[in-house]
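Here's a quick briefing for anyone meeting this structure for the first time.

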Amino acid sequence: MFRTIPIKAKFSLEEQLFWVDQCQHANSLTNCALYYTRRSHYERLENEEAYSSYWVGDEYRCGWKTYRSNTTYPELYKSLKDNYHYKAMAAQSAQQTLKQVGESITAYNGLVNLYYFGEGPRPHLPKYRKKGGLAAVTFPRQALTYKDGCCYPSISRETKAELLTDIALPIPDFIDIDWLRELRIRPCLGEFWIDWIIDDGKAPLKTNANLDYNQALGIDHGGTNWVTAVSTKGKSFIIDGRKLRSMNQGYSRLIAKYKQGKSEKYWDYNLDRVQRKRNNQMRDAVNKAARFIINYCLTNGIGNLVFGWNQGQKSGANIGKHGNQNFTPIPTGRLKDRLQQLCHEYGIRFTLTEESYTSKASFLDGDSLPKFGEKPESWRPSGKRVWRGMYKTANGWLVNADCNGAANIIRKVAIQLGLNLAEVGRGALTLPQRYDLFTSLNRPYRKRLLSDGFQPHHLATF
């Protein structure tokens, strides 16, 4: 499997100056390629007289028609191979930069096709990068030389004559040189990171003999209770999200403090430091939660993971100022993506389903679960949420509201996956086990499944 392992770089002053120079050239070369693309594109539009006027409501507008771009990577290479910024970089590294621009143009052309089929908004050509900024520098395996436990990247003749020191990148102990496929030097918030792209030769599992694919774990996400999970084996748990909310509040206060009286685009070293800390905290939380959920499925032999998700629910959230502040910054989308990656690796079937009306309907009373926009006018839930976190069924039973939602998420796909919900009863919805991300889910607890015979890849993020 291909993996990307990011490691914070520790460069000497001379090495850092070299990488700043290379990243600046990569940034400038990207802008040169975009300039060539846009110029050739608009020259073509002029020749084809692709300029039109139209009405939008009561407003009369005019502009260029939306056409695909004909610029390709070979054309960019032919036009820019004598460029100053191209020659200042290693040849294969500069080619990778141009290939990234070519991939952006290909993505733009795909969006144009979707636009004319009415499946998306009007696309725009890739925008220029900030002048004088830094862009990632990529080296394929052929541009790297291995010697004495270090990788030596290729350097252009023009740049090598001005070097004050050798440029060596020590390989981490847990990476075999035969696995290495690509190396990327990436600037991020005032620091440099080394992305090691490897292929460890391990294939993902399509099926896992240790898992029962008639069992499932349903996940309902939120704010205070970040993850609420209910399994078809009659068990449930909650991953607390209150500390995540607290971290985001502290981050927002510091950002507001340092930007007070400044413009919206103002940024400095202190803001870099605050942003880095918050990013690390969120990344740590996502990895811990995802690892715990996957280990839970492996330990209990659960072969299906059902995640409730409504596309665009955060961008369109309108639950009040404080509600938006508590719900929107929590990185649930990143958790969903990380779970999907790990499920693919361990043979767990990942199912994404919309979660409309799962919080209103009563699981124990068997209420129907219509899709969004298809609710009959006569539809009424049997129970109701009596206060925050508590749901009352038609029989007067009090259950956890989020567990009720997670159980309904499983019920949405029960027929599709062939699940048996007989063991999901009142007990599973009433007494979920609560875990704290930063105390309960410590490293020994998350790795406990190793003693049960499961061997996750040693490179997985714990």
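Phe11, Phe18, Trp19, Phe139 and Phe192 come together as one aromatic cluster. Rings of Phe, Tyr and Trp (its six-membered ring) pair if their centres lie within 6.5 Å; planes under 30 degrees apart are stacked, over 60 edge-to-face, and the rest tilted. Keep in mind that this is a predicted model: local features need pLDDT of at least 70, side-chain atom pairs count only at pLDDT 80 or more, and totals for chains, interfaces and linings use all residues. Residues are numbered from 1 along each chain as its sequence is written, and side-chain values use heavy atoms, with hydrogens and water left out.

**Aromatic pairs**

- The structure holds 17 aromatic pairs.
- Take Tyr73 and Tyr77: their ring centres are 6.4 Å apart and the planes meet at 35°, so this pair is tilted.
- Both Tyr73 and Tyr77 belong to helix H2 (residues 73-80), sitting 4 residues apart, about one turn of the helix. Helices (H or I, at least four residues) and strands (E, at least two) are DSSP runs, numbered from the N terminus.
- Tyr73 is partly exposed, at 23% relative accessible area, and Tyr77 is partly exposed too, at 30%. On this scale, buried is under 20%, exposed is over 50% and partly exposed is in between (1.4 Å probe, protein chains only).

**Charges over rings**

- The charged end of Arg349 sits over the ring of Tyr213, 4.0 Å from its centre. That label calls for NZ of Lys or CZ of Arg within 6 Å of the ring centre and within 35 degrees of the ring normal.
- Over at Tyr251, the charged end of Arg278 sits over the ring, 5.4 Å from the centre.

**A three-stranded sheet**

- An open sheet is built from 3 strands in the order E15-E16-E17, with antiparallel pairing. Two strands pair if DSSP finds at least two bridges between them.
- The edges are E15 (384-387) and E17 (398-400), each pairing on one side only.
- E15 pairs with E16 (residues 390-392) over 3 bridges, and Trp387 has Met390 in E16 as its bridge partner.

**An exposed loop residue**

- Ala203 lies in the loop between strand E9 (191-199) and strand E10 (212-221).
- With 55% relative accessibility, Ala203 counts as exposed.
- The C-alpha atoms of Ala203 and Phe2 are 9.4 Å apart, though 201 residues separate the two along the chain.
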